[in-house]
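Hi everyone, thanks for coming.

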Amino acid sequence: MSRPVPFRAVLRSEWTKFWSVRSTWWCTAVYVLVAGAAGWLAAAGTDSSPRADVAVQTALTGFGIGQLVLVVVGVLVVSSEFASGMALLSLTAVPRRTRLLGAKTLVVAVYSVLLSAVLALVCALAARTLTAVPGGVQFGDPDVVRTLLLQVGAAGLVGVLGVALGAVLRSTAGAIGVGTALVLIAPPAFALVGTDLAARMSQSLPALRVGEDAFLAVGTTWQVGMAVVAAWAVGVWMLGARLLERRDV
């Protein structure tokens, strides 16, 4: 009886596959350009700010659009294998499908968190350098730290949501379309309607977060907002894992 492949070996294999495709490098370049460059432009366009965390949040504006890249990355990690037929080989090597999906998810989550952390610090440096704030922007300020951590945490959850959508739909175009609608199109669309029901709908969707605020959506407290994004990421992931176990390749 053959032994199951150790999870660390599956994780190492998925990490290698992740960086062996051009799409990862292209997505990384776009994410860096949009989030990083937009951060410096936003900071340069803001002469002064009343508080350090507000200045940093302004510099994080590029993440609102840039994090769509993380949806694409997450989707492609799953859907590209089914499109190319590589999924059959992967599932033959790792019969426990949730283990395989878990490895893919961890790879994307680590990528999203680490890259977003670097870019968030770059944007905070832009705010510190280019925006006048009473007392300056101090990286040890609890409000600044919370703003940066929320941005990084939201980025990680968006990447997981992308993986989950890829597992549920398997179609690259379909999953990216649904992901874009969920995190960027539907929340502001409901917000513009103006009714109480539409506002609640906007708040219940996994809107991209920029610092403590949802991007173009009806605002909530940051605790509620992060809980909503986490609930969507975990819920859709569990559905994707269930479908992956039940479906034929």
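At what angle do the axes of helix H8 and helix H11 cross? Before I answer, keep in mind that this is a predicted model. H8 covers residues 142-169 and H11 covers residues 222-246, and their axes cross at roughly 25 degrees, coming within 8 Å. Angles under 35 degrees count as roughly parallel, so H8 is roughly parallel to H11. As for handedness, H8 and H11 make a left-handed crossing.

Who does the touching here? On the H8 side, the contact includes Arg146, Leu150, Gly153, Ala154 and Leu157. On the H11 side, you'll find Trp222, Trp232 and Trp237 among the contact residues, along with Met226 and Gly240. Sorted by class, this contact has 19 nonpolar, two polar and one charged residues.

Now let's turn to another pair. Helix H5, residues 68-84, and helix H9, residues 172-193, have axes that come within 9 Å and cross at roughly 150 degrees. Anything over 145 degrees counts as roughly antiparallel, and therefore H5 and H9 are roughly antiparallel to each other. The crossing of H5 with H9 is right-handed.

From H5, the contact is made by Leu68, Val71, Val72, Val75, Leu76, Ser79 and Ser80. H9 answers with Thr172, Ala175, Ile176, Gly179, Thr180, Val183 and Leu184. And how many charged residues does the contact of H5 with H9 have? There are no charged residues in it, with nine nonpolar and five polar ones making up the contact.

That's my tour, thank you!

Terms used: Residues are numbered from 1 along each chain as its sequence is written. This is a predicted model: local features need pLDDT of at least 70, side-chain atom pairs count only at pLDDT 80 or more; totals for chains, interfaces and linings use all residues. Side-chain values use heavy atoms; hydrogens and water are left out. Axes are lines fitted to C-alpha atoms, for helices over the stretch in contact, and angles run from 0 to 180 degrees between N-to-C directions. Helices (H or I, at least four residues) and strands (E, at least two) are DSSP runs, numbered from the N terminus. Angles under 35 degrees count as roughly parallel, over 145 as roughly antiparallel, 65 to 115 as roughly perpendicular and the rest as oblique. A crossing is left-handed if the near helix is turned anticlockwise from the far one by less than a right angle, and right-handed if clockwise. Contact means heavy atoms within 4.5 Å. Ala, Val, Leu, Ile, Met, Phe, Trp, Tyr, Cys and Pro count as nonpolar, Asp, Glu, Lys and Arg as charged, and the others, Gly among them, as polar.
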